[in-house]
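Subject: Structure handover

Hi,

Here is the structure for you to take over.

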Amino acid sequence: MTTAKKTAKAKTAKTKTAKTKTAKAKTAKTKPAKTKAATATKKTKGNPVAKLAQAKVDLLNELQDSGILETGMVEELELLGEGFDGLDVADGLTKSAQWDKRLTQSLQGFSKSGGDGRVSSKIQSLVTWQKNMNKWEPTVEGLTQAIESFKKVVPFTGATLYLRNQETSKVTPLVISGFQVDLISRIRFTEGSGFSSWVATRQKPVLYSELRKNEAPREDQVHSFMAVPIVVGGECLGVVNLGHSESGSFTQSTLRNLMVASGALAGLLQRFVALRQIAAREIVNPTTGLATAHYLSSRLSEEVVRCRELGYSMSLMVFKLNELNDFGQRFGEDYLERSLKEVGEIVRNWKRATELVGHTEDDRFVAVFPGAGSEKATQRARDLLLALQQHSFPRRKRVTVSCGISGYPTDAENPQELLSVADNALSSDFRAKTGGPSTLSAAAAPLP
């Protein structure tokens, strides 16, 4: 072997040795760090004091993210939570109890009421309730679930969520749990009846811990009451009222819980209102292909104004397929949807171009006959009744129909009264449920 080759081989060997040493050195430096982290993790998992400390951090983060705690209180609790490391179990539990009590005093106003921190579990219940807010749909059913589950945070015997109409500023019950809760419901304010209207306008929470009445408490009677407005962007969307049959059930601490909850509830209610507004802009019911209730209402109002200005008459018919909902409960929602589609097809084939037929939310149908008197409207109604009565619905089912008719200006002179008169005529004709034939009645006199 030549000298040059020997020299090259020696250099190669030295290079390999250097690389091996460097790799070993890096491995040696890395291993202690990994071992230390693993030891810390194992220590946290097995140490009850460390678990307590981590639980406090998680809870504090949740409360801070929810906007429940002010910045100053967050900093105070962070300082109070330092120093858990190195404590034995007894000292750790003592420090944990001090931390819980301070948090409870902040959230529940215990510094004024002299509480002992025993209700701190309600704080976690409130956090859990807020987390579940994303699971509930922006529907009446979803809002009902939200209100009823709040009983785990603040026990109540009755609760009502009121929705405020942004155009009229009046409030109406949307969700009722237990029984409808309101005070002085017979007294009318500018915004509507009851205390909820007053709270919605002034956007201020109200608490009456003890309502003294000269009678024994009942489950449907309110002896403790609180109400909180639900506000988004300075605009009140609604009011939530809670009532309890026992005096003293609600305090400043429970009111604060309800105020915090109203902030979370506002998001769900806002989505509900937005979806309702979108639905109001729709003019056709997707199932029946007939006019939506909102579009029907607006067109009916326009038609009444037109008849009043031009001196025309008009008639209105309300009809209902008596057994359809019962069949839907027996055979399922798919059956009901198929049947309603068939009803829509029959009605569309029957109606004339100048007539308008709508499908209301309570599965009633309303037909408007512009320029038609009672006699003409009655004949048109008979034709439709016969077509529906002879139709074979899914599963070869047949239905009976109840129908009521009202006329402008003979029976009423505004849209709501026209609907009311026709509804009353329909109710008086509701003999089909007891096996009678399909029926038809006008407001002035029942027809054979």
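Two strands count as paired if DSSP finds at least two bridges between them. Helices (H or I, at least four residues) and strands (E, at least two) are DSSP runs, numbered from the N terminus. On that basis, L161 stands opposite V175 in β2.

The model is predicted, so local features need pLDDT of at least 70 and side-chain atom pairs count only at pLDDT 80 or more, while totals for chains, interfaces and linings use all residues. Residues are numbered from 1 along each chain as its sequence is written, and side-chain values use heavy atoms, with hydrogens and water left out.

**Sheet**

The sheet is open and has five strands, in the order β2-β1-β7-β6-β5, with antiparallel pairing. β2 and β5 are at the edges with a single partner strand each, so one side of each has no neighbour in the sheet. The twist averages 20 degrees from one strand to the next.

Now the pairs. Six bridges link β1 and β2. Nine join β6 to β7, and V228 has V240 in β7 as its bridge partner. Three join β5 (residues 206–208) to β6, where V206 stands opposite A227. The β6–β7 hairpin has two residues between the strands, and G233 there takes a positive phi near 60 degrees. Seven of the nine residues of β6 are buried (under 20% relative accessible area; exposed is over 50%, partly exposed in between; 1.4 Å probe, protein chains only).

**Cores**

A nonpolar core is a set of buried Ala, Val, Leu, Ile, Met, Phe, Trp, Tyr and Cys residues joined through side-chain atoms within 4.5 Å. The largest has 34 residues; W129, L143, F150, L161, L242, L265 and L269 touch the most other members. α9 gives the largest share, eleven residues. Domain 1 (47–135) and domain 2 (151–281) each supply at least three; the bounds come from an automatic or database domain assignment.

What does F150 touch, leaving out residues up to four places away in sequence? L126, W129, F156, L242, N257, L258 and A261. Contact means heavy atoms within 4.5 Å.

A second, separate core has 28 residues, including F327 and I346.

**Helix pair**

The axes of α12 (residues 333–350) and α13 (residues 374–390) come within 10 Å and cross at roughly 145 degrees. Axes are lines fitted to C-alpha atoms, for helices over the stretch in contact; angles run from 0 to 180 degrees between N-to-C directions. V343, I346, V347 and W350 of α12 meet R380, D383, L384, A387 and L388 of α13.

Best wishes
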